[in-house]
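Please open the structure in your viewer and keep the selection tool at hand. The stops below follow one another, and each says what to select and what is there.

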Amino acid sequence: MSVRTALLMSAALFLGGCEVSSQIGKECTLVRKATPEEKAQTDHDTMPILEKEVAPRQDFISFGAVECEDLICVRDKDFPRATNEDGTINQNAPALGYCSKECVEGSKACEVKDTSGVQADLPARMSCRALLLDQDTLDALRSADEAFYRRTFGENNSPFFCAGAPVSAAGN
């Protein structure tokens, strides 16, 4: 057997044993860019977003979540909020969501492959859908002021992300 064949067989065996994992749907903390003062105090580029900073019943997307492989954390309008023992919203708790990624509309890329640590109803609701502005608006903002666009949306160029469809739209 040639050295080349042996290397190819070794690579095939090695890769065949690897399981492709995904963090889609795993819990994460929504973050925002730290102010210069916060960065000086904490030496962190991002800060957690608090429950009081997230409007109820709205989709929210956060870029820079280190718990997620694609650094994208999403909270759809039906994701549960942090609550106190009496059932009221814990306004000062970090706002949570789940790991997401950019996707192509109509694709099957948003499947939750590992459901451990994932909200029970999320896998059935997950789809590729627009969370930000529509594509034309994103393009117009980018061409009007590239620097503002990059500060606001980072390197993102698409409105489509893996996110839970609203419960009413998912048929639940």
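Begin by selecting strand 1 and strand 6, which run antiparallel and are joined by 3 bridges. Within this pair, pick out Thr29 and look across to strand 6, where Leu96 is its bridge partner. Keep in mind throughout that what is on the screen is a predicted model.

Now widen the selection to the sheet that holds these two strands, an open sheet of 4 strands in the order 1-6-5-4 with antiparallel pairing. At its edges lie strand 1 (27-29) and strand 4 (60-63), each of which pairs on one side only. If you turn the view to look along the sheet, you are looking at a twist that averages 45° from one strand to the next.

From the sheet, move to the loop between strand 5 (72-75) and strand 6 (96-100), and select Ala93, which has its place there. Is Ala93 buried or exposed? Its relative accessibility is 11%, and because residues under 20% count as buried, Ala93 is buried. To see what surrounds Ala93, show Ile49, Leu50, Glu51 and Ala82, which are its contacts once the neighbours within four places in sequence are left aside. One of these, Ala82, is 11 residues away from Ala93 along the chain, and the C-alpha atoms of the two are separated by 6.6 Å.

The next stop is a pair of helices. Two packed helices are described by the angle between their axes and by the distance between those axes. Select helix 4 (residues 135-144) together with helix 5 (residues 146-153), whose axes come within 5 Å and cross at roughly 125°. That angle makes helix 4 oblique to helix 5. To display the contact itself, show Leu138, Leu141, Arg142 and Ala144 on helix 4, and Glu146, Tyr149, Arg150 and Phe153 on helix 5. Sorted by class, the contact of helix 4 with helix 5 has 5 nonpolar and 3 charged residues, with no polar ones.

Finally, select the whole protein, which has 6 helices and 8 strands, and follow it along the sequence through the pattern α-β-β-α-β-β-β-β-α-β-α-α-β-α. Of its 172 residues, 31% are buried. As for contacts in the protein between residues at least 6 apart in sequence, 65% of them join residues at least 24 apart.

Definitions and conventions
Residues are numbered from 1 along each chain as its sequence is written. This is a predicted model: local features need pLDDT of at least 70, side-chain atom pairs count only at pLDDT 80 or more; totals for chains, interfaces and linings use all residues. Side-chain values use heavy atoms; hydrogens and water are left out. Buried means under 20% relative accessible area, exposed over 50%, partly exposed in between (1.4 Å probe, protein chains only). Contact means heavy atoms within 4.5 Å. Two strands pair if DSSP finds at least two bridges between them. Axes are lines fitted to C-alpha atoms, for helices over the stretch in contact, and angles run from 0 to 180 degrees between N-to-C directions. Angles under 35 degrees count as roughly parallel, over 145 as roughly antiparallel, 65 to 115 as roughly perpendicular and the rest as oblique. Ala, Val, Leu, Ile, Met, Phe, Trp, Tyr, Cys and Pro count as nonpolar, Asp, Glu, Lys and Arg as charged, and the others, Gly among them, as polar.
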